[in-house]
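This briefing summarises the geometry of one protein chain for use in modelling. Please have the sequence and the structure open while reading.

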Amino acid sequence: MMGHTHAMTGAIAWLGLAPPLAALPLLNESSRFIETGIMATAISPAELIAGAIICAGAAMLPDLDHPSATIAQTFGPVTWVLSKAVCWISGGHRGATHSLAFAAALGFGTHWLANTYPIGRDIVVVLLIGLALRAIGVGIPGNKMGSALINIGLTAGLYAVFLSLQVGYAWLGLAVGIGCLIHVVGDCMTERGCPVLWPLGAKFVLPWKIGIKTGKKFEQKILAPILSVAIIGLLFWRLAPA
C-alpha cells in the first residue's frame, strides 16, 4: 500500500479504538497527571486529534525499512540514515518490521520510553508527526530539501500546538502499537503479504484479500476517498457534543 493509505488507516484505527480503550490503566496512570496536572479518565478532544496524527505517523514506521521510499526523506539526511539502519537491521523491505513482534516491541518500548525519558518521548512524537505529514503529501514535488524544510516547520508548529493544549502522552505506546499493527494488516491485503510471525519467513496474505496493487487505480481513485470520508465521519462522531 502507498504511504497515504497507511497513514489514513492509522488515523481511522485510532479514532475508532481510542475512546473505548480510554479506561485502560495504560491511559490513566500517574504520568498523565504529572504532565498535565489533571487526572483524566478519558481521552480529551485534543488527545484524540493528536493521537490520530501520531497513529497515522506510526502506521508509516514499518516502511522505514525502505530507504528509497519518499517517507525516508521526511527530515532529509536524518530520516534517510535512520531508514538505512532499519533496512539493514530488519533484513530488507517487508522483513522484521512488517510483523506482530515489531508492532508489540515498538508499542511497549515507546510506552516505557514515554514514562521514563521525556526527551525520548518528545523525539518520538516529533518523528511521528513528521512521518504523518509526509505520508499525506506535504512537501514540494521533486525538491527533497525543500520538502524536508517545510515538514520540519509544520511539525514544529503542530508540536507547539500540542504543548499549548497540554496534551498528555500516556497513550503514546498504544498509538504506536496500533499504527504498526494496522500497517501490517494493510500490507497483508496486498499480493505480496507480510512475514507476520517473523522470525518465521512465511508471508501471510489475508484469506479475504482483494489483491490490492500498490499505487494502482483502485487504491488512489476509490480506496483513498473512502478512507478520507471515514476519517471525517469518525471525527464528527467522536467530537460531537454528547
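The model is predicted. The secondary structure of the protein consists of nine helices and zero strands. Of the protein's 242 residues, 48% count as buried.

**Overall fold**

- Read from the N terminus, the order of elements is α-α-α-α-α-α-α-α-α.
- Among contacts with a separation of 6 or more, 70% are between residues 24 or more positions apart.

**Nonpolar cores**

- The largest nonpolar core has 53 residues, and the members that touch the most others are Trp14, Ile54, Leu61, Leu128, Tyr169, Trp171 and Leu172.
- Two or more residues of this core come from each of helices H1 (3-21), H3 (45-58), H5 (100-116), H6 (118-135), H7 (144-164), H8 (172-187) and H9 (217-239).
- The greatest contribution to this core is that of H6, with nine residues.
- Another core, of six residues, lies apart from the largest one, and its members include Cys188, Cys194, Val196 and Leu206.
- As background, nonpolar side chains in soluble globular proteins tend to be buried together.

**Helix H4**

- Helix H4 covers residues 77-90, 14 residues in total. From its first C-alpha to its last it reaches 20 Å, close to the 20 Å expected at 1.5 Å a residue.
- Which residues of H4 are buried? They are Thr79, Ser83, Val86 and Ser90.
- An α-helix has 3.6 residues a turn, so residues three or four places apart point the same way.
- H6 is included in what covers the buried residues of H4.
- On the face turned away from the buried side, H4 carries the exposed residues Pro77, Trp88 and Ile89.
- Gly91 follows H4 and has a positive phi, near 85°.

**Helix H8**

- H8 has 16 residues, which should span 22 Å at 1.5 Å a residue. Its end C-alpha atoms are 23 Å apart, in agreement with that expectation.
- H8 is mostly covered, since 13 of its 16 residues are buried.

**Second largest pocket**

- The second largest pocket holds about 390 Å³ of space.
- Its lining is made up of 19 residues, and those nearest the centre of the pocket are Leu61, Leu64, Val86, Phe102 and Leu106.
- Val86 is also one of the buried residues of H4, and Leu61 is among the members of the largest nonpolar core that touch the most others.
- At least two lining residues come from each of H4, H5 and H6.
- Which helix gives the most to the lining of this pocket? H5 does, with six residues.

- Thr155 is located in helix H7.
- Is Thr155 buried or exposed? Thr155 has 2% relative accessibility, so it counts as buried.
- Leaving out residues up to four places away in sequence, Thr155 touches Phe75, Val126, Ile129, Gly130 and Leu133.
- Between Thr155 and Leu133 there are 7.8 Å in space, C-alpha to C-alpha, while the two are 22 residues apart in sequence.

**Backbone details in the loops**

- Arg94 lies in the loop that connects H4 and H5. Its phi is near 55°, a positive value in a residue other than glycine.
- Arg94 counts as buried because its relative accessibility is 6%, and the cut-off for buried is under 20%.
- Gln166 is in the loop between H7 and H8. Phi of Gln166 is also positive, near 55°, and the residue is other than glycine.
- Gln166 has 48% relative accessibility and therefore counts as partly exposed.
- The peptide bond from Trp198 to Pro199 is cis, and its omega is near 20°.
- Pro199 belongs to the loop between H8 and H9.

Conventions: Residues numbered from 1 in each chain as written. Predicted model: local features only at pLDDT ≥ 70, side-chain atom pairs only at ≥ 80, totals over all residues. Heavy atoms only, no water. Core = buried A, V, L, I, M, F, W, Y, C linked by side-chain atoms within 4.5 Å. Buried < 20%, exposed > 50% of the residue type's maximum accessible area, 1.4 Å probe, protein only. Helix = DSSP H or I, 4+ residues; strand = E, 2+ residues; numbered from the N terminus. Expected span 1.5 Å × (residues − 1). Contact = heavy atoms within 4.5 Å. 1 Å grid on protein atoms, 1.4 Å probe; cavity = no way out; pocket = protein on both sides within 12 Å on 5 of 7 lines; lining within 4 Å. Points joined across faces, edges and corners; volume = space filled by probe spheres on them.
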